[in-house]
Amino acid sequence: MTVWAAHNGRALTAPPPFGLSVRSLGNGALWLAAFLSAFVIEEPAPYELYMVALTVIWLACGLKLRREFAPLIVLMMVFTAGGLASVPFAEDFGDALMYAAVSGFLAITAIFYAAILSDKPERSRIIERGYIIGAVIAALFGIAGYFNLFPGAEYFTRFDRARGTFQDPNVFGPFLVLPTLLLIQRFLRGPTLRNLYVLLPLSILLLGIFLSFSRGAWGVLLASLLLLYTIQLVTEQNLARRGRLILIGMAGIFFCALIMTVALSFEAVSDMFSQRARLVQDYDGGRLGRFARYAIGFQLVMEHPLGLGALEFGKTFGEDEHNVYLKAFTTYGWMGGIAYIVMAIWTVCAFLPLIFKSRPWTPFVQAVFAVFVAHLLLSVVIDTDHWRHLFMLYGLAWGLIAADKLERRNWRRSALQTPTPD
């Protein structure tokens with residue numbers, strides 16, 4: 001770094017040009033990555049192009065691939081290799097190869113986020129801010145599209161459901177759950193009056209999730225909220241604060257009921273809700289419906305250890321598997337299927353202890369854990385293998401796992417080096 005001479009003759013560190021440091025630029029680039037994850041309405045999305053460039057630059061600048069998140073690297077590589085091995089069995093070689101390439105790219109993004117957080121877990125705040133702002137904007141587009149608030153706004157809907165800046169309402173809705181939980185957590189942990197400003201973005205996100213009319217998104221929101229709330233009650237030792245949590249929970253139920261009441265006052269919203277709220281839809285229980293395809297798919301898995309080839313199941317039966325664990329076997333073969341299941345279980349087991357530890361980033365850990373587990377449950381009834389934010393969740397989880405391991409290792413090393421009194 002350059003120095004410049006002060007009037008008193010001392011050498012001082014020169015301020016960086018334009019008042020920006022390398023650290024600030026890096027943090028800004030990371031914020032933009034989280035922000036752009038909310039805009040994937042067309043492929044290749046800006047997020048994908050940006051992440052390719054960002055990953056290359058960070059690796060060139062010394063981003064470390066640590067052994068602490070080696071399980072993620074190895075299992076992602078095996079999962080991707082399984083997809084490549086099944087490509088020759090697909091009728092359309094080009095489409096299958098592109099599908100496998102996207103899987104590989106998403107695996108790289110997961111590893112990138114793990115490396116970023118393992119190095120400095122406090123970067124989770126930067127990711128959180130970028131994610132929340134991007135999600136609120138995406139939800140605003142979805143709401144505007146559903147109510148046709150400006151000419152051409154219907155572009156942000158699909159099948160009369162809000163999709164925001166996503167291709168599919170079923171991805172748009174679940175994407176909004178993590179920022180929703182992060183905002184709710186500010187009420188649970190901080191002073192209520194000081195966090196009243198959260199109500200506006202929180203209302204936007206909740207309305208966006210509701211108007212997606214995605215049963216999966218509703219389920220993920222409910223499951224993750226219950227899990228996060230339970231974690232907060234279990235980990236809170238102060239009786240007064242625990243009572244406050246109970247009161248906030250009751251107020252939250254009233255708040256959600258109020259938003260639903262207002263939304264359902266619109267006839268179009270009420271009709272769509274009645275239709276989507278049915279537990280079993282026509283495409284679930286038909287002759288080749290979702291549940292019937294599960295049985296057929298598992299039978300095919302036993303006959304094709306290397307998989308059917310990407311997209312082949314949907315071409316044969318008219319619909320995709322709608323079960324990511326089944327799809328991991330049909331599209332990525334036995335090798336990829338086993339790797340994906342092991343990766344999911346390993347991530348939960350390694351991540352679970354962190355929610356009970358006192359760290360500056362513990363609130364972020366708890367929210368990510370709740371949403372991640374809810375997504376794994378959702379994956380039983382929907383294909384999530386190309387959901388960009390799910391791969392981000394894998395990366396965030398392993399980055400925080402690695403950061404905890406490094407912190408404990410450094411603490412033990414310091415304890416061994418500290419001289420004991422005679």
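A polar contact here is a pair of N or O atoms within 3.5 Å; within protein, one must be able to donate a hydrogen and the other to accept it, and residues adjacent in sequence count only if both atoms are side-chain atoms. With that in hand, look at D385: its side chain makes such a contact with the side chain of Y332 at 3.1 Å, and another with that of Y99 at 2.6 Å.

A word on what you're looking at. This is a predicted model, where local features need pLDDT of at least 70, side-chain atom pairs count only at pLDDT 80 or more, and totals for chains, interfaces and linings use all residues. Residues are numbered from 1 along each chain as its sequence is written, and side-chain values use heavy atoms, with hydrogens and water left out.

Back to D385, which sits in the loop between α16 and α17 (388-417). Helices are DSSP runs of H or I, at least four residues, numbered from the N terminus. D385 is buried, at 4% relative accessibility; buried means under 20% relative accessible area (1.4 Å probe, protein chains only). Its contacts (heavy atoms within 4.5 Å), leaving aside neighbours within four places in sequence, include L106, V324, K327 and F391.

Helix α16 itself covers residues 362-378. Of its 17 residues, 16 are buried, so the rest of the structure largely encloses α16.

Now hop over to I132, in helix α5 (residues 124-146). I132 is buried too, at 9% relative accessible area. Not counting residues up to four places away in sequence, I132 touches P179, L182, L183 and R186. F35 is 97 residues from I132 along the chain, yet their C-alpha atoms are 7.7 Å apart.

Technical notes: Helices (H or I, at least four residues) and strands (E, at least two) are DSSP runs, numbered from the N terminus. Buried means under 20% relative accessible area, exposed over 50%, partly exposed in between (1.4 Å probe, protein chains only). The expected span of a helix is 1.5 Å times one less than its number of residues.
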